[in-house]
Structure formats: C-alpha cells, structure tokens
Amino acid sequence: MFSMFLYPIPDIKNEPEFINRFDEVFNDELTAVIASSNIDTDWDSVGWRGIMLNNGVMWVDTDGKIIAVNTQNAKEQALAKSLIEQGKQSLHASINTFEKPVLDWKTANYHIRVDDLGDHNFRYAVWGIDKKPSDKPDMVLLNGDITFEGSGGNHNYTFKNGRYSYVLQVTIIGCDTSPPGWLEVYKGDELLLAEDVISAH
C-alpha cells in the first residue's frame with residue numbers, strides 16, 4: 001500500500017495491515033502535523049511523483065492514496081533497532097558490524113546489501129543469487145557516495161572499484177510499475193549491466 005522508506009521496518013502492503021499498524025506510523029506528532037497543515041503553504045505538487053507535505057514528510061498521489069511516510073517515531077525506532085540486531089546475526093562475520101542497514105536487494109543474478117558504517121560511510125556487499133548472507137560476500141566495496149535527484153527522494157549510491165562503477169538507483173517515488181530500484185555496472189562510461197530489483201527488504 002505504501003512505503004515507510006525506513007528499512008529494516010517492513011513496508012505496509014495492504015489495507016488490513018494498514019489498519020493494524022496505523023498507530024505505529026501515525027503517532028500524535030505526525031497526525032498533529034497533518035491536521036494543522038495548510039494546503040496552500042505546506043503541500044506541494046511534484047509533477048508525476050505526487051503531492052508532498054513539508055518537503056517529503058508524507059507523500060500522496062493525486063487520488064489521495066498514501067505513497068510514503070518518511071518519519072520514524074520512538075516505537076518504530078525501537079523496532080528498527082531490534083530488527084538491525086537480528087539482521088546482524090544472519091550475516092557473515094566480515095560484514096556484521098555497521099551502524100545502520102540501508103538496502104537489502106535481490107536482482108535476477110545478485111543479492112546486494114548497502115550498510116552505513118557511520119557518518120554516511122556506505123559499504124556495498126554482493127553475493128551471487130544462489131548464496132546466503134551468511135556466506136562470505138563475493139565483493140565488498142567501501143566509501144560509497146550518495147546522490148539525490150530532485151525533491152522526490154529518488155537517489156543513487158555509487159561505489160568504485162578501479163575503472164568499474166557499481167550504481168544502485170533507488171526509486172522512492174515512481175509509477176505503479178516502477179521497480180524499487182536497479183543495479184548498473186559500468187566500466188568507465190560503458191554500461192556493462194543493468195538489472196531491476198525483484199525483491200527489496
């Protein structure tokens with residue numbers, strides 16, 4: 001149904017789940033922000049991406065359907081911390097130390113993780129799709145860069161390895177058929193590979 005854009009907390013996918021988890025997302029602070037907002041000054045239409053409140057705190061489409069909520073209350077923060085600690089236990093010892101998980105993606109051929117080691121020091125780890133996160137990654141790259149594209153929240157992470165660049169394009173606001181993102185691999189300026197994300201956690 002909509003994304004909370006705050007991995008590792010799972011997205012809300014349907015109406016019953018939205019009802020059950022309403023208080024988890026819409027706490028008193030957020031509902032007060034929405035209730036007191038001014039349609040003329042606090043809400044902005046951002047083309048095909050939808051309509052945003054307060055520079056992206058919440059997004060809705062033109063039919064009023066919630067697309068994303070980009071805040072995290074105390075209850076969610078506690079849940080996220082618990083999920084992060086659980087997730088660390090399932091990873092290979094070489095990569096189970098980090099401050100915050102960022103992406104956990106699968107494409108047709110790869111399983112990819114991006115973690116924040118602290119102060120936006122991003123790390124990229126990748127396995128063949130037939131391997132498990134508890135296996136040693138096939139490759140680990142450090143010092144990734146993040147680049148935001150406009151006000152919609154879409155962004156990418158870029159990791160360098162000699163002449164090769166590994167770019168993870170993240171779709172926050174897209175159309176109904178947009179994948180959560182995709183992987184691009186370049187050698188210099190030559191695009192060698194592009195694969196859509198088929199599973200995002």
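**Stop one: a charge and a ring**

Select K88 and F98: the charged end of K88 sits over the F98 ring, 5.0 Å from its centre (the rule asks for NZ of Lys or CZ of Arg within 6 Å of the ring centre and within 35 degrees of the ring normal). Before moving on, keep in mind that this is a predicted model, where local features need pLDDT of at least 70, side-chain atom pairs count only at pLDDT 80 or more, and totals for chains, interfaces and linings use all residues. Residues are numbered from 1 along each chain as its sequence is written, and side-chain values use heavy atoms, with hydrogens and water left out.

**Stop two: three Phe rings**

Now pick F18, F22 and F26, which form one aromatic cluster (rings of Phe, Tyr and Trp, the last by its six-membered ring, pair if their centres lie within 6.5 Å; planes under 30 degrees apart are stacked, over 60 edge-to-face, the rest tilted). Which of the three is partly exposed? That's F22, at 33% relative accessibility, while F18 at 16% and F26 at 8% are buried (under 20% relative accessible area; exposed is over 50%, partly exposed in between, with a 1.4 Å probe and protein chains only). F22 and F26 are stacked, 4.9 Å centre to centre with 20 degrees between the planes.

**Stop three: a buried Glu**

Jump to E195 in strand β12, residues 190-196 (strands are DSSP runs of E, at least two residues, numbered from the N terminus). Its side chain makes a polar contact of 2.6 Å with that of N109 (a pair of N or O atoms within 3.5 Å; within protein, one must be able to donate a hydrogen and the other to accept it, and residues adjacent in sequence count only if both atoms are side-chain atoms).

How values were computed. Helices (H or I, at least four residues) and strands (E, at least two) are DSSP runs, numbered from the N terminus.
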